[in-house]
Amino acid sequence: MEEIRGEQKTVDVIIPVYKPDETLMRLFHRLEEQSYPIRKIIVMNTEKSYWKDSDYEHVKNLEIHHVTKEEFDHGGTRNRGAGYSKADIMVFMTDDAVPADKNLVSALVNAFHQTGKGGEKVIMAYARQLPNPDCAMAEQYTRSFNYPSESRVKTEADLKELGIKTFFASNVCCAYDRSVFLEAGGFTKTTIFNEDMIYAGNAVRYRGEAVAYAADAKVIHSHNYGCIAQFKRNFDLAVSQADHPEVFGGIRSESEGIRLVKNTCTWLVKQKKPFLIPGVIIKSGFKYMGYLMGKRYRTLPRRLILSCTMNRSYWGKHKTE
């Protein structure tokens, strides 16, 4: 295990929660089983009325903080959670991601041993996401496309090969060096989405740091989004990119989406499921339309923006024309 000044690095887990259910209970259970000790589990719960203290009295070292739905922000709420941590490493998770085994935390911590090819310091490490048992076939391939079986350390030198994937990381399960995180100012304080990639992009492009993908750190997490949900998700993704040209400017991401569609269709043929291909193409069309509209959101009327977004409360904080 990793050492710091002769002592084991301490770890806190920070989880934004909204309308907790049995998945959160499984998450807590798996965290208790981890081979690497967790100092504290910090929950940032949205809307106190949805939380029942009696349901979680058995969870060790659990700390609860409540925010209102209006106060919640993907970056700001996580920053607030980080403010309650004193650990060396903070592991951010979502309330619908469940550790696949007992070695999730240790694998994330071990990723900080690595450096980039130019000696760049690893300042964050994200986990591999495996599909849920009910995951649709096409989405199963998307999991393996975005989260392959090989680990990798990504730096600015990878931009030519990987493009926007150089910055790819996910706060579904991602560990951060807390001292570097605080020094960098944390996540963007008001963001619709994508706070993890914005942080990674700034680290790689401007601070000469590295992002680790730890394939041996595994969580079970997937969604079966329909066409409209994919449209809205990609609209918000594109808004985050449009709002941060300092990170995403000059780096095309459309080519990565086209490659995913082609590879998914090829995989479905190999799986003898070619009849699923039209659905993939249709859903991909909704994704692309959402992305195109999100990139141009400043030209859209507010009413249309509110019908396109997954995160309506964000637009109360974000002024539009």
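Asp12 and Arg39 pair up through their side chains in a salt bridge, with N to O at 2.7 Å. This pair ties together distant parts of the chain: Asp12 sits in strand S3 (residues 11–18), while Arg39 lies in the loop between helix H1 (22–32) and strand S4 (40–46), 27 residues apart. Keep in mind that the model is predicted.

Arg39, at 35% relative accessibility, counts as partly exposed.

Now for Glu256 and Lys165, whose side chains also meet in a salt bridge, 3.4 Å from N to O. Here too the link runs between distant parts of the chain: Glu256 belongs to helix H10 (residues 254–270), and Lys165 to the loop between helix H5 (159–162) and strand S10 (173–177), 91 residues apart. Both Glu256 and Lys165 are buried.

Then there's Arg207, which forms a salt bridge with Glu209. Arg207 has a relative accessible area of 31%, so this residue is partly exposed. Glu209 comes in at 13% relative accessibility and, because buried means under 20%, counts as buried.

Some salt bridges share partners, and these join Arg152, Asp158 and Glu161 into one network.

Here are the three pairs side by side:

| Salt bridge | N to O distance |
|---|---|
| Asp12 and Arg39 | 2.7 Å |
| Glu256 and Lys165 | 3.4 Å |
| Arg207 and Glu209 | 2.9 Å |

Methods. Residues numbered from 1 in each chain as written. Predicted model: local features only at pLDDT ≥ 70, side-chain atom pairs only at ≥ 80, totals over all residues. Heavy atoms only, no water. Salt bridge = Lys/Arg side-chain N within 4 Å of Asp/Glu carboxyl O. Helix = DSSP H or I, 4+ residues; strand = E, 2+ residues; numbered from the N terminus. Buried < 20%, exposed > 50% of the residue type's maximum accessible area, 1.4 Å probe, protein only.
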